[in-house]
Amino acid sequence: MQRSEDALARGVPRDTATLPGVAPRPAETWSRIVQVHDRITRRVDSALHRHHDLSLTGFEALRRIAESPGERASMGDLAEAVGLSRPGVTSTIGRLVAQGLVVRERGEGDRRLLHARLTPAGRQRVEDAAVTHDEMVAHLLALLGDDVGAVTDALARVSAATRDRR
């Protein structure tokens, strides 16, 4: 009896963690997260450039400004929301200013603070680009099928655990 079990098990790993998709190793999970993020980002960025003359980063900044009270956001809030460094958000806002999509304004209470305010052209651009962005993202994420809720919840837990604590 032992011999037949050994014969059946020949070539089948005893450690199921080595089987793809059974119990992924952290490095495999990390690799998939990076790969999916990179591929989706490139696809959406390319479509936004092609159809709206706008980078994905520029779109995200415009959307955050559009959703802010008075369509106005501080550079610090934008950097935090979009995930950029201060120099990175300054550069992004500079490109949006050059395109006439936002204007820079000094803070009313604290003149040292800079804010970005949406222009009418910026409002129109972000509204138009949102359709392209949202349709592409929805199409790509629909590939998650019935797993979308579980994936979203899991990513939300990781995001919350890694949020900067000040």
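## Getting your bearings

This is a predicted model, and its protein chain has 7 helices and 3 strands.

**Exercise 1. Find out how the strands pair, and which residues face alanine 116 in β3.**

Step 1: Pick out β1, residues 72-74, and β3, residues 114-118; these two pair in the antiparallel sense over 3 bridges.
Step 2: Go to β2, residues 102-106. This strand also pairs with β3 in the antiparallel sense, here over 5 bridges.
Step 3: Zoom in on alanine 116. Alanine 73 has alanine 116 as its bridge partner, and arginine 104 stands opposite alanine 116 as well.

**Exercise 2. Decide how α3 and α5 are oriented to each other: roughly parallel or roughly perpendicular?**

Step 1: Locate α3 at residues 56-67 and α5 at residues 86-98; their axes come within 10 Å and cross at roughly 80 degrees.
Step 2: Compare that angle with the cut-off: 65 to 115 degrees counts as roughly perpendicular.
Step 3: The angle falls in that range, so α3 and α5 are roughly perpendicular to each other.
Step 4: See who touches whom. From α3 come Thr57, Gly58, Ala61, Leu62 and Ile65, and they meet Thr92, Ile93 and Leu96 of α5.
Step 5: Sort the contact of α3 with α5 by class, and you get 5 nonpolar, 3 polar and no charged residues.

**Exercise 3. Is histidine 133 buried or exposed?**

Step 1: Find histidine 133 in helix α6, which covers residues 120-141.
Step 2: Recall the cut-off: a residue is buried if its relative accessible area is under 20%.
Step 3: Histidine 133 has a relative accessible area of 10%, so this residue is buried.
Step 4: List what surrounds histidine 133. Setting aside neighbours within four places in sequence, histidine 133 is in contact with Val44, Leu48, Leu56, Phe59, Glu60 and Arg63.

Technical notes
Residues numbered from 1 in each chain as written. Predicted model: local features only at pLDDT ≥ 70, side-chain atom pairs only at ≥ 80, totals over all residues. Heavy atoms only, no water. Axes fitted to C-alpha atoms, helices over the stretch in contact; angles between N-to-C directions. Helix = DSSP H or I, 4+ residues; strand = E, 2+ residues; numbered from the N terminus. Parallel < 35°, antiparallel > 145°, perpendicular 65-115°, else oblique. Contact = heavy atoms within 4.5 Å. Nonpolar A, V, L, I, M, F, W, Y, C, P; charged D, E, K, R; others polar. Pairing = 2+ DSSP bridges. Buried < 20%, exposed > 50% of the residue type's maximum accessible area, 1.4 Å probe, protein only.
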